[in-house]
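The sequence and the structure come first, and the points grouped by topic follow.

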Amino acid sequence: MSAAFAAPDNHSPATPPTTHLRLTRRGRAVFTALAAVPLVLGVIGIAVNGGMAAAEGSAGIGAAAFDYVTIEAGQSLWQLAESVAPGQDPRDVIIDIVNLNQLSSEAVQPGQRLALPADY
(Lines give C-alpha, C1' and ligand atoms only; values in the text may rest on other atoms or scores of the structure.)
Protein backbone atom coordinates (compact mmCIF):
# COMPACT_ATOMS: atom_id res chain seq x y z
CA MET A 1 0.00 0.00 0.00
CA SER A 2 1.33 3.38 -0.88
CA ALA A 3 1.50 6.37 1.41
CA ALA A 4 -0.83 8.38 -0.84
CA PHE A 5 -3.75 6.05 -0.14
CA ALA A 6 -3.21 5.71 3.60
CA ALA A 7 -6.05 6.66 5.92
CA PRO A 8 -5.54 9.90 7.82
CA ASP A 9 -4.50 9.54 11.42
CA ASN A 10 -7.33 11.18 13.46
CA HIS A 11 -5.77 10.32 16.77
CA SER A 12 -2.57 12.25 16.47
CA PRO A 13 -1.53 14.05 19.66
CA ALA A 14 -1.39 17.45 17.90
CA THR A 15 -5.16 17.69 17.29
CA PRO A 16 -7.46 16.88 20.21
CA PRO A 17 -10.70 15.12 19.38
CA THR A 18 -13.76 17.41 19.10
CA THR A 19 -17.09 16.46 20.60
CA HIS A 20 -20.46 18.05 20.02
CA LEU A 21 -23.00 18.32 22.80
CA ARG A 22 -26.42 17.28 21.68
CA LEU A 23 -29.45 17.88 23.88
CA THR A 24 -32.56 15.85 23.45
CA ARG A 25 -35.99 17.37 23.85
CA ARG A 26 -36.10 16.12 27.42
CA GLY A 27 -32.63 17.56 28.11
CA ARG A 28 -33.67 20.98 26.79
CA ALA A 29 -36.78 20.89 28.99
CA VAL A 30 -34.73 20.03 32.08
CA PHE A 31 -32.14 22.72 31.29
CA THR A 32 -34.85 25.34 30.74
CA ALA A 33 -36.62 24.38 33.96
CA LEU A 34 -33.39 24.59 35.96
CA ALA A 35 -32.66 28.03 34.52
CA ALA A 36 -36.22 29.28 35.14
CA VAL A 37 -36.60 28.12 38.76
CA PRO A 38 -34.40 30.87 40.31
CA LEU A 39 -36.16 33.51 38.22
CA VAL A 40 -39.61 32.33 39.27
CA LEU A 41 -38.59 32.15 42.93
CA GLY A 42 -37.15 35.66 42.72
CA VAL A 43 -40.36 37.07 41.23
CA ILE A 44 -42.46 35.33 43.88
CA GLY A 45 -40.21 36.64 46.64
CA ILE A 46 -40.44 40.21 45.35
CA ALA A 47 -44.20 39.94 44.95
CA VAL A 48 -44.66 38.61 48.47
CA ASN A 49 -42.36 41.14 50.12
CA GLY A 50 -43.61 44.03 48.00
CA GLY A 51 -47.22 43.12 48.72
CA MET A 52 -46.54 43.03 52.43
CA ALA A 53 -44.91 46.45 52.35
CA ALA A 54 -47.81 47.89 50.39
CA ALA A 55 -50.33 46.35 52.78
CA GLU A 56 -48.49 47.72 55.81
CA GLY A 57 -48.22 51.16 54.22
CA SER A 58 -51.89 51.35 53.28
CA ALA A 59 -52.96 50.14 56.74
CA GLY A 60 -51.26 53.17 58.28
CA ILE A 61 -53.05 55.53 55.91
CA GLY A 62 -56.45 53.92 56.34
CA ALA A 63 -56.11 53.87 60.12
CA ALA A 64 -55.72 57.64 60.33
CA ALA A 65 -59.18 59.05 59.71
CA PHE A 66 -59.31 62.78 59.17
CA ASP A 67 -62.02 65.22 60.06
CA TYR A 68 -62.90 67.57 57.22
CA VAL A 69 -64.11 71.14 57.30
CA THR A 70 -65.49 73.33 54.51
CA ILE A 71 -64.26 76.92 54.38
CA GLU A 72 -67.07 79.44 54.64
CA ALA A 73 -67.22 82.84 52.95
CA GLY A 74 -64.86 85.30 54.68
CA GLN A 75 -63.17 82.60 56.77
CA SER A 76 -59.38 82.50 56.91
CA LEU A 77 -56.99 79.76 57.99
CA TRP A 78 -56.22 81.82 61.10
CA GLN A 79 -59.88 81.78 62.12
CA LEU A 80 -60.12 78.08 61.32
CA ALA A 81 -57.02 77.35 63.42
CA GLU A 82 -58.41 79.31 66.38
CA SER A 83 -61.75 77.47 66.23
CA VAL A 84 -60.25 74.00 65.74
CA ALA A 85 -57.49 74.22 68.37
CA PRO A 86 -58.14 77.10 70.75
CA GLY A 87 -55.33 76.09 73.13
CA GLN A 88 -52.66 75.86 70.42
CA ASP A 89 -50.60 78.50 68.65
CA PRO A 90 -52.58 79.27 65.45
CA ARG A 91 -49.34 79.51 63.42
CA ASP A 92 -48.47 75.88 64.24
CA VAL A 93 -52.00 74.71 63.42
CA ILE A 94 -51.95 76.60 60.10
CA ILE A 95 -48.61 75.02 59.16
CA ASP A 96 -50.02 71.55 59.94
CA ILE A 97 -53.17 72.20 57.87
CA VAL A 98 -51.17 73.56 54.92
CA ASN A 99 -48.78 70.57 54.99
CA LEU A 100 -51.55 67.98 55.36
CA ASN A 101 -53.60 69.39 52.47
CA GLN A 102 -50.53 70.18 50.35
CA LEU A 103 -51.61 73.76 49.82
CA SER A 104 -49.33 76.04 47.82
CA SER A 105 -50.16 79.01 50.06
CA GLU A 106 -52.22 79.94 53.08
CA ALA A 107 -54.97 81.46 50.93
CA VAL A 108 -58.23 79.51 50.97
CA GLN A 109 -61.44 79.85 48.97
CA PRO A 110 -65.04 79.58 50.17
CA GLY A 111 -66.33 76.03 49.67
CA GLN A 112 -62.83 74.56 49.81
CA ARG A 113 -62.78 71.30 51.79
CA LEU A 114 -59.75 70.79 54.04
CA ALA A 115 -58.62 67.83 56.11
CA LEU A 116 -57.76 68.56 59.72
CA PRO A 117 -54.78 66.90 61.44
CA ALA A 118 -55.78 64.17 63.88
CA ASP A 119 -54.00 66.04 66.69
CA TYR A 120 -56.69 68.77 66.78
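**Overall architecture**

Read from the N terminus, the elements of the protein follow the order α-β-α-α-β. The model is a predicted one. Its secondary structure amounts to three helices and two strands.

- Buried residues make up 13% of the 120 residues of the protein.
- Of the contacts between residues at least 6 apart in sequence, 57% join residues that are at least 24 apart.

**Helix α3**

- Helix α3 spans residues 90-101, which gives it twelve residues.
- From the first C-alpha to the last, α3 reaches 16 Å, close to the 16 Å expected at 1.5 Å a residue.
- The buried residues in α3 include P90, V93, I94, I97 and V98. These residues lie on the same side of α3 because they cover an arc of only 135° around the axis.
- R91 and N99 are exposed, and they are found on the other side of α3.
- The cover over the buried residues of α3 includes α2 (77-84) and β2 (113-116).
- Q102 follows α3 and has a positive phi, near 55°.

**Helix α2**

- In α2, the buried residues are L77, L80 and A81. Their directions cover an arc of only 100° around the axis, so they sit on the same side of α2.
- Among the elements that cover the buried residues of α2 are β1, α3 and β2.
- Q79 also belongs to helix α2. Q79 counts as partly exposed because its relative accessibility is 41%, a value between the 20% limit for buried and the 50% limit for exposed.
- Q79 and P90 are separated by eleven residues in sequence, and their C-alpha atoms are 8.4 Å apart in space.

**Nonpolar core**

- In soluble globular proteins, nonpolar side chains tend to be buried together.
- The largest nonpolar core of this protein has 13 residues. L77, L80, I97 and L114 are the residues with the most contacts inside it.
- At least two residues of this core come from each of α2, α3 and β2. The largest share, four residues, is supplied by α3.
- Leaving aside residues up to four places away in sequence, L77 touches I94, I97, V98, L103, E106, V108 and L114.

- E72 is located in the loop between β1 (67-70) and α2.
- Is E72 buried or exposed? E72 is exposed, because its relative accessible area is 55% and exposed means over 50%.
- E72 and Q109 are 37 residues apart in sequence, while the distance between their C-alpha atoms is 8.0 Å.

Terms used:
Residues are numbered from 1 along each chain as its sequence is written. This is a predicted model: local features need pLDDT of at least 70, side-chain atom pairs count only at pLDDT 80 or more; totals for chains, interfaces and linings use all residues. Side-chain values use heavy atoms; hydrogens and water are left out. The expected span of a helix is 1.5 Å times one less than its number of residues. Buried means under 20% relative accessible area, exposed over 50%, partly exposed in between (1.4 Å probe, protein chains only). The arc is that of the directions from the helix axis to the C-beta atoms. Contact means heavy atoms within 4.5 Å. A nonpolar core is a set of buried Ala, Val, Leu, Ile, Met, Phe, Trp, Tyr and Cys residues joined through side-chain atoms within 4.5 Å.
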